[in-house]
Amino acid sequence: MEINKYIDHTNLKAYATKEDIERLCDEAIKHQFASVCVNPYYVSLANELLSRSNIAVCTVIGFPLGQNTISVKEFEAINAVQEGADEIDMVVNIAAIKDGNYNYVKEEIETIRDSIEGKTLKVIIETCYLTKEEIIKMTEICNETFVNFIKTSTGFGSSGAKIDDVALMNEHKMDFLEIKASGGIKNFEDACKFIEAGATRIGTSSGITILEEANLKKNCQCDECNEN
């Protein structure tokens, strides 16, 4: 397994500097991660730094609370694409989910989907705040709206990705819908567990650590590693 191809190499810290983003992009190129994920302010910089690579530029919309109105999120998404974003990770309106206002949530997703010129759309549902029934419903809505990914978490909620939640989404998703697990995934063992549960992307700021652990395991001659 090429674990690097699963990783969205992420820095969404409020205090991330230009130097931090330059380092993030350099690491992504060196290790051939799937994408870098940065705040909208740094999309144009990341696009410039990665222009000669095959690394995607990912950014976040309505982040991290999801409480912006549809029109504001739409503007954010359009602007991000204009700045060079290839992938959009949008936080849905969690309050609307809790209110059972799924028509609003579906409209929101469809509006953003239609505004981004065919770019990849990942829908962040912040699973830590949802019941199992709500997770299933949001998976079904992501099926119905033909988005590219359903994503577990922002990393700013009360907890991050859970194996059971990813497995639940995997059970109810259509074949075309992929799963991004994010939030609290910091080592190779955990990343593998999420991939086994159905995730095809891992959002993490610990991509280098995960890759180093993967390489150590690959080169290890102990019985446990040779069995896996």
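## Confidence, cores and a pocket

Mean pLDDT, the predictor's confidence in each residue from 0 to 100, is 95 for the protein chain, and 96% of the residues score at least 70. This is a predicted model: local features need pLDDT of at least 70 and side-chain atom pairs count only at pLDDT 80 or more, while totals for chains, interfaces and linings use all residues. Residues are numbered from 1 along each chain as its sequence is written, and side-chain values use heavy atoms, with hydrogens and water left out.

Over residues 220–228 pLDDT stays under 50, and the model has five contacts (heavy atoms within 4.5 Å) for them beyond four places in sequence.

A nonpolar core is a set of buried (under 20% relative accessible area, 1.4 Å probe, protein chains only) Ala, Val, Leu, Ile, Met, Phe, Trp, Tyr and Cys residues joined through side-chain atoms within 4.5 Å.

| Core | Residues | Members include |
|---|---|---|
| Largest nonpolar core | 62 residues | Ile-3, Ile-88, Val-92, Ile-109 |
| Another core, apart from it | seven residues | Leu-12, Cys-37, Val-60, Phe-63 |

Val-92 is among the residues that touch the most other members of the largest nonpolar core. Beyond four places in sequence, the contacts of Val-92 include Leu-65, Lys-73, Glu-108, Ile-109 and Met-138.

The second largest pocket is lined by 20 residues, with Thr-10, Thr-154, Gly-155, Gly-183 and Ser-205 nearest its centre. A pocket here is an open set of points on a 1 Å grid over the protein atoms alone, where a 1.4 Å probe fits, with protein on both sides within 12 Å along at least five of seven lines; lining residues have an atom within 4 Å of a point.

Technical notes
Buried means under 20% relative accessible area, exposed over 50%, partly exposed in between (1.4 Å probe, protein chains only).
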